[in-house]
Amino acid sequence: MQRYPRNMIGYGPRQPDVQWPGGAKVAISLVLNYEEGGENCVLHGDAASEAFLSDIPGAAQWPGQRHWNMESIYEYGARAGFWRLHSLFTEKDIPVTIYGVATALARSPEQVAAMKSAGWEIASHGLKWVEHKDMPEDEERAQIAEAVHLHTEVVGERPRGWYTGRCSVNTVRLTAEEGGFDWISDTYDDDLPYWLELEDRDQLVIPYTLEANDMRFATAPGYTTGEQFYQYLKDAFDELYREGQAGRAKMMSVGLHCRLIGRPGKIAGLRRFLDYAQSHEGVWFPRRIDIARHWAEHHPNQRYDRPSQMDRATFVSRFGGIFEHSAWIAEGAFDLELGPAHDTAAGLHNALCRIFRTASDDARLGVLTAHPDLAGKLAQAKRLTSESTSEQASAGLDALTDEERETFTRLNTAYVEKHGFPFIIAVRDHDKASILSAFEARINNDRATEFAAACRQVERIAEFRLKDLLP
């Protein structure tokens, strides 16, 4: 069984009706990463110095050595940058979420006290600010547990949110399995929170950002001035605010680092953006825990049986009748590379149609001939499938006058004699009169044209049937 784990559809055309508190048109989540004292350093037992996200051009790790310049840049974030940002946010009465590396928090007790006094959320940013991509699963699981333990010890309560950042392919699953997080953020795949189903746990994911993020001051291409940062944030805000005014409220994450945005020339751009955003009505500045609580209350997860997670017997039983009396199509679709994108009516319809479209003409003819005549003898004898019975009734074909029934009988007979299969039409697109009109027009087509038309109608019927079963 081939299953593709990546979710390429998300909410798709089914965007939730987001009603942020106070009718806000956009929710701006400000995240301050506190990593200073948790970075790679031989003093911390690491094999080399840090090389990530600093103002040192082309920085590289120094194996077995302390990198004095790198250390002092990180120290600037704790000694000066944090306090400049603390002053800005408290002055503007804007709460933030801290992504706190547990070992960094342990080395910064006064900063932790200031975070708590300001009412900020202190989420976990892992045990150490190090790379996890090659970390064995058991080791990463143990580090998550140790991060929660140390965080609780230092802060006074366990973290309710998590973001690793330099994560592995296992990180999201492992943090969800830990079981104590109201939200996790190691994804960048949406403008809204969403639920991740892992066995019996529904885990809320609040996606983060790497583009509306001051890390771009330390990467190329990136920002070199506070004005560039401001302009990017302003453009993102303007677009999201416009969507909110149109009834499609979204979330905007802004990623910040004490040693980067905490510099005077950079923070000026952030200050300008906050002034701009606060000048608009209907802007909510929540902590991520506030977003999580709102989402859990107003948009709780709704589980349903997902086609890509079914076993073969269940899948074929559930969808074997979508194409009339043709379970072989469902069997073929089951063997495709199904994934979350096929757990919707449109997605599964595509998979089933792929099997139908690539079948031989004889196999597709078998599907056509499996369809009953419209208002024919099977309908009168009540021997149609439940789907066909409902579909024909929707167009009033179960309540014909004697004259109408005679017309359908005559057309059915003539059509089958000419083309070799029944007249097929997606009756939910029509009423009785338009069905008769189409019948009389299509009966004059040549067989190849009508075979193609009938196949298209079979696919359309399948689409309607799936919409009765799936979102």
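**Helix contacts and salt bridges**

Me: Which residues of α13 and α18 meet, and how many of them are charged?
Reply: In this predicted model, Asp361, Arg364, Leu365, Val367 and Leu368 of α13 meet Arg447, Phe451, Ala454, Cys455 and Val458 of α18. Sorted by class, the contact has seven nonpolar residues and no polar ones, and the charged residues number three.

Me: At what angle do the axes of α13 and α18 cross, and is the crossing left-handed or right-handed?
Reply: Helix α13 covers residues 361–370 and helix α18 covers residues 447–467. Their axes come within 10 Å and cross at roughly 65°. The crossing of α13 and α18 is left-handed.

Me: Why do the buried residues of α3 line one face of the helix?
Reply: Helix α3 spans residues 109–117, and its buried residues are Gln111, Val112, Ala114 and Met115. Viewed down the axis of α3, these residues line one face because they fall within an arc of 160°.

Me: Which residues of α3 are exposed on the other side, and what covers the buried ones?
Reply: Pro109, Glu110 and Ser117 are exposed on the other side of α3. The cover over the buried residues of α3 includes β1, α1, β2, α2, β3 and α4.

Me: Which glycine just after α3 takes a positive phi?
Reply: The phi in question is about 80°. The residue is glycine 119.

Me: How far apart in sequence are the parts tied together by glutamate 91 and arginine 271?
Reply: The side chains of glutamate 91 and arginine 271 meet in a salt bridge, with N to O at 3.3 Å. Glutamate 91 is in helix α1 and arginine 271 in helix α8, so the pair ties together parts of the chain whose separation in sequence is 180 residues.

Me: Is arginine 271 buried or partly exposed?
Reply: Buried would require under 20% relative accessible area. Arginine 271 has 32% relative accessibility, so it counts as partly exposed.

Me: Which parts does the pair of glutamate 178 and arginine 158 tie together?
Reply: Glutamate 178 forms a salt bridge with arginine 158, the closest N and O atoms being 3.0 Å apart. The two are 20 residues apart in sequence, so the pair ties together helix α5 and the loop between α4 and β4.

Me: How many salt bridges are found in the whole structure?
Reply: Some share partners, and such bridges join Glu137, Asp138, Arg141, Arg173 and Glu177 into one network. For the whole structure, the search gives 28.

Terms used: Residues numbered from 1 in each chain as written. Predicted model: local features only at pLDDT ≥ 70, side-chain atom pairs only at ≥ 80, totals over all residues. Heavy atoms only, no water. Axes fitted to C-alpha atoms, helices over the stretch in contact; angles between N-to-C directions. Helix = DSSP H or I, 4+ residues; strand = E, 2+ residues; numbered from the N terminus. Left-handed = near helix turned anticlockwise from the far one by under 90°. Contact = heavy atoms within 4.5 Å. Nonpolar A, V, L, I, M, F, W, Y, C, P; charged D, E, K, R; others polar. Buried < 20%, exposed > 50% of the residue type's maximum accessible area, 1.4 Å probe, protein only. Arc of directions from axis to C-beta. Salt bridge = Lys/Arg side-chain N within 4 Å of Asp/Glu carboxyl O.
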